[in-house]
Amino acid sequence: MNNLLTPLFFSRSFRAIFCTLFLFSLSLAVRADTAGNQKADPAGVMQVAIENVLTQLKKHEALYQTDPEQLRSIVAESALPNLAIKRMAQLALAKHWRSASAQQREIYLREFQRYLIRSYTKTLYLYRNTKPEMLGRDNKNSSQSETKTTLKVRVNNERGEAVILFLRLELQDDKWKIVDINVEGISLVVTARGVFDEEINRTNLDAFLKNLTEQNDKAAAAKNE
């Protein structure tokens, strides 16, 4: 399976996932600049910042065609502070993380981050006119606490149909960070775990890392994916 991540990139549900993940991350960063406090209610943070987010997306959308690598840098600068990258990466690699060497973990974390950012960038262009609506905390979720919460978001897909997403957040170093997203019963982490596990079991961890790195390098070298 040379393009091991293709199913994740191009499914409608996961394009919606990555769009909402990016918008939510960016909104947290904008709110942090103005309020200096990410301990605030995350649903309120999203609502206050959404207009700023949409303005920024519109401002930079032309880069998708002219300089996609610069766009990826903008995405990374805005989103990464609010993503629990290491936690997400560990959850996605699951048992293979525990058996990986220090060098393999270092390579995987680097390439997993690149994989996420290029996913956001593709979705940024496809969903640049999306207007997510925060529906508050998911009170039915039993994991709610002062340091963990799940937010409910409504977003329209490319056909104009409403899709409900659930963002799982954890408070890390006094900042709310995203650790997983669920859409229509599909978890980002669980889905990535299945794709990664299949590839690693078919070959081995080194081959998986080589494939992931090559795909990221190919995307970085391309004028447009």
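Okay, let's start with one word: a residue is called buried when its relative accessible area is under 20%, exposed when that is over 50%, and partly exposed in between, using a 1.4 Å probe and protein chains only. By that rule Phe 196 counts as buried, at 0% relative accessibility. Keep that residue in mind.

A quick word on what we're looking at. This is a predicted model, where local features need pLDDT of at least 70, side-chain atom pairs count only at pLDDT 80 or more, and totals for chains, interfaces and linings use all residues. Residues are numbered from 1 along each chain as its sequence is written, and side-chain values use heavy atoms, with hydrogens and water left out.

So, the overview. The chain has ten helices and five strands; those are DSSP runs, H or I of at least four residues for helices and E of at least two for strands, numbered from the N terminus. Of its 225 residues, 48% count as buried. Now contacts, meaning heavy atoms within 4.5 Å: among those between residues at least 6 apart in sequence, 64% join residues at least 24 apart.

Next, the core. A nonpolar core is a set of buried Ala, Val, Leu, Ile, Met, Phe, Trp, Tyr and Cys residues joined through side-chain atoms within 4.5 Å. The largest one here has 34 residues, and Leu 93, Tyr 108, Phe 112, Phe 196, Leu 205 and Phe 208 have the most contacts inside it. Which elements give two or more residues to this core? They are helix 6 (85–93), helix 8 (102–126), strands 2 (148–156), 3 (162–172) and 4 (175–183), helix 9 (188–202) and helix 10 (205–221). In soluble globular proteins, nonpolar side chains tend to be buried together.

Let's zoom in on helix 6. Its buried residues are Ile 85, Met 88, Ala 89, Ala 92 and Leu 93. These cover an arc of only 125° around the axis, so they sit on the same side of helix 6; the arc is taken from the directions from the helix axis to the C-beta atoms. Just after the helix, Ala 94 has a positive phi of about 55°. And Leu 93 turns up again as a contact of Leu 205, along with His 96, Ala 100, Gln 104 and Ile 200, if we skip neighbours within four places in sequence.

Back to Phe 196 and the aromatics. Rings of Phe, Tyr and Trp (its six-membered ring) pair if their centres lie within 6.5 Å; planes under 30 degrees apart are stacked, over 60 edge-to-face, the rest tilted. The whole structure has eight such pairs. In one of them, Tyr 115 and Phe 196 have ring centres 6.1 Å apart and planes at 65°, so the pair is edge-to-face. Because Tyr 115 lies in helix 8 and Phe 196 in helix 9, the pair ties together parts 81 residues apart in sequence. Tyr 115 counts as buried too, at 1% relative accessibility.

Ser 187 is in strand 5 (residues 186–187), and its side chain makes a polar contact with the side chain of Asp 180 at 2.7 Å. Thr 213 lies in helix 10 and touches Ile 107, Glu 111 and Arg 114, not counting residues up to four places away.

Methods:
A polar contact is a pair of N or O atoms within 3.5 Å; within protein, one must be able to donate a hydrogen and the other to accept it, and residues adjacent in sequence count only if both atoms are side-chain atoms.
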